[in-house]
Amino acid sequence: MHEISLHKISKTRWSARIDAVKPVALQLKSLLSAVNEFEIHSLPAEAQTQIKFFKKYLTSFECVLMSTIWMKVLVLLHQTNLILQTQKATLTTERNNIDKLIEDIKKLKMNGICFFRSQRKLQQIMKSLQN
């Protein structure tokens, strides 16, 4: 059995967003394998259709790209949030951390898909998902 779990996004806990994106961003192949296991069961037509479209999305460029971007952005936000929540943080420290967060997000935006070292790496990821 696969050791991944999908999480519903909490409306009150910011870090829960990372928990919701993490399985898609970091364990996409395992998630796809788990979805494939549903195909062997006799499910109602509506469920089969939903599984088909979910599987198609999981193997799409959009899914790989968006889950990777969201994971990076959410981790940046989470790290800054943890620092801002400490009671010992001064206003100067808080401002510096927010400024750093803004700069980090600008770098992500300016560098585009900087976390994919090359288009070849992305193609390898996509190919491995389709196998």
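This is a dialogue on reading the features of a predicted model.

User: What is the overall secondary structure of the protein chain, and how many helices and strands does it have?

Analyst: The model is predicted. The protein chain has six helices and zero strands, and along the sequence the pattern reads α-α-α-α-α-α. Of its 131 residues, 27% count as buried.

User: Which residues make up the largest nonpolar core?

Analyst: The general idea is that nonpolar side chains tend to be buried together in soluble globular proteins. In this structure the largest nonpolar core has 10 residues: V24, L28, L31, L32, V35, I51, L58, C63, V64 and L129. At least two residues of this core come from each of α2 (28-38), α3 (45-58) and α4 (61-85).

User: Which helix gives the most to this core?

Analyst: That is α2, with four residues.

User: Where on the surface is there a nonpolar patch, and which residues form it?

Analyst: Y57, M66 and W70 form a nonpolar patch on the surface, and together they have about 290 Å² of accessible area. W70 is placed in helix α4.

User: What span should the 25 residues of α4 have, and what does the model show?

Analyst: At 1.5 Å a residue, α4 should span 36 Å, and its end C-alpha atoms are 36 Å apart, which agrees.

User: Which residues of α4 are buried?

Analyst: The buried residues of α4 are C63, V64, L65, S67, T68, M71, V73, L74, L76 and T80. Two of these, C63 and V64, also belong to the largest nonpolar core.

User: How many residues has helix α5, and what distance does it reach?

Analyst: Helix α5 (residues 91-111) has 21 residues. From its first C-alpha to its last it reaches 30 Å, close to the 30 Å expected at 1.5 Å a residue.

User: Which residues of α5 are buried, and where do they fall when seen down the axis?

Analyst: An α-helix has 3.6 residues a turn, so residues three or four places apart point the same way. In α5 the buried residues are N97, L101, D104 and L108. Seen down the axis of α5, its buried residues fall within an arc of 65°, so they line one face of the helix.

User: Which exposed residues does the face turned away from the buried side of α5 carry?

Analyst: That face carries L91, T92, R95, K109 and M110, which are exposed.

User: How many salt bridges does a search of the whole structure find?

Analyst: Side chains of opposite charge can pair when their charged atoms come close. The search finds three salt bridges in the whole structure.

User: What does the salt bridge of D99 look like?

Analyst: D99 forms a salt bridge with R95, and the closest N and O atoms are 3.5 Å apart. The two residues are four residues apart in helix α5, so about one helical turn separates D99 and R95. D99 is partly exposed, at a relative accessible area of 33%, whereas R95 counts as exposed at 56% relative accessibility.

User: Which residue meets D104 in a salt bridge, and is D104 buried or exposed?

Analyst: The side chains of D104 and K100 meet in a salt bridge, with 2.9 Å from N to O. Both residues lie in helix α5, four residues apart, about one turn of the helix. D104 has a relative accessible area of 16% and is therefore buried, the cut-off being under 20%. K100 counts as partly exposed, at 48% relative accessibility.

User: What is the N to O distance in the salt bridge of K106 and E103?

Analyst: The distance is 4.0 Å. K106 and E103 are three residues apart in helix α5, so they are separated by about one helical turn. K106 counts as partly exposed at 44% relative accessibility, and E103 is partly exposed with a relative accessible area of 41%.

User: What distance separates the C-alpha atoms of I125 and T59?

Analyst: I125 and T59 are 66 residues apart along the chain, and their C-alpha atoms are separated by 9.5 Å. I125 lies in helix α6 (residues 119-130) and is partly exposed, with a relative accessible area of 24%.

Terms used:
Residues numbered from 1 in each chain as written. Predicted model: local features only at pLDDT ≥ 70, side-chain atom pairs only at ≥ 80, totals over all residues. Heavy atoms only, no water. Core = buried A, V, L, I, M, F, W, Y, C linked by side-chain atoms within 4.5 Å. Buried < 20%, exposed > 50% of the residue type's maximum accessible area, 1.4 Å probe, protein only. Patch = residues over 30% accessible without salt bridge, like charges linked within 9 Å, V, L, I, M, F, W, Y side chains within 5 Å. Areas by Shrake-Rupley, 256 points an atom, 1.4 Å probe, with all protein chains shown as cover. Expected span 1.5 Å × (residues − 1). Arc of directions from axis to C-beta.
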